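Please look over the sequence and the model shown below before reading on.

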Amino acid sequence: MLLVNIEKKNAEGKTPREIFAEEHKELLTKAESWTKSTAINCMLVSTLITTGVFTATFMVPGGNNKKSGNPNYLQEQAFLVFSLSVACALISASASILMFLSILISSYAEDECFKSLPYKLLFGMVTQIISITTMMISFSAAFYITFSHGLTRVPFSIFVLSFLPIPLFKPLWSDIIRSSYLCMSLFWPGK
């Protein structure tokens, strides 16, 4: 019954979706502006993360062995954590940049605003959060590798403290999920 009403035309021959689009053109313009602004700001953050993580790839904690050229702490477990987290941060930040770039070059057509743009924004933000988290893990591992010789309490404390910002992502996650999944069904066209 509900799907029939969604596609039912009024006396002027317009569907509810067409009427909504006509009456809310200003809302579409504001949404386009907000989406572009958000994509630009998030792309800037992802670019900074990529730059920092790319540099960390070549600035190995503990330095390299002068004879062999291999990292001095290659056999340590923390070095494996550092390497994997740097790689994950670089890949996810690069994916985030590409997703935000695809948002910026979008045509912002009505159907695109309801379907693909929210998912692109969601994917970009998720990959950005992953890159921030793995960047913090790589920082912690590098700090631990560099300063774990001697006092182990201080590097371990810094390692634990570096994870404190991660719970701050919860409000962002809930806003992203609510706006992308729970509200999107309101605008899906009926079949």
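Leaving aside neighbours within four places in sequence, alanine 78 is in contact with Ala141, Tyr144 and Ile145, where contact means heavy atoms within 4.5 Å. Alanine 78 and tyrosine 144 stand 66 residues apart in sequence, yet their C-alpha atoms are 7.3 Å apart in space. Alanine 78 belongs to helix α4; helices (H or I, at least four residues) are DSSP runs, numbered from the N terminus. With a relative accessibility of 14%, alanine 78 counts as buried, a word that here means under 20% relative accessible area, while exposed means over 50% and partly exposed lies in between (1.4 Å probe, protein chains only).

This is a predicted model, in which local features need pLDDT of at least 70 and side-chain atom pairs count only at pLDDT 80 or more, whereas totals for chains, interfaces and linings use all residues. Residues are numbered from 1 along each chain as its sequence is written, and side-chain values use heavy atoms, with hydrogens and water left out.

An unreviewed UniProt entry lists residues 39-60, 80-109, 121-145 and 151-169 under "transmembrane region"; such annotations may be inferred rather than shown by experiment. In the model, residues 39-60 are 91% helix and 0% strand, with end C-alpha atoms 32 Å apart, and residues 121-145 are 100% helix and 0% strand, with end C-alpha atoms 36 Å apart. Strands (E, at least two residues) are also DSSP runs.

On the surface, Leu98, Leu101 and Ile105 form a nonpolar patch with about 320 Å² of accessible area together. Patches are made of residues with over 30% relative accessible area and no salt bridge, with like charges joined within 9 Å and nonpolar side chains within 5 Å, and the areas come from the Shrake-Rupley method with a 1.4 Å probe. Isoleucine 105 sits in the loop between α4 (77-104) and α5 (110-114), and at 66% relative accessibility this isoleucine 105 counts as exposed.

How many salt bridges does a search of the whole structure find? The search finds two, a salt bridge being a side-chain nitrogen of Lys or Arg within 4 Å of a carboxyl oxygen of Asp or Glu.

| Salt bridge | N to O distance |
|---|---|
| Glutamate 26 and lysine 30 | 3.3 Å |
| Glutamate 32 and lysine 36 | 3.3 Å |

Glutamate 26 and lysine 30 are separated by about one helical turn, because they are four residues apart in helix α3 (residues 25-58), and both are exposed. Glutamate 32 counts as partly exposed at 26% relative accessibility, as does lysine 36 at 31%.
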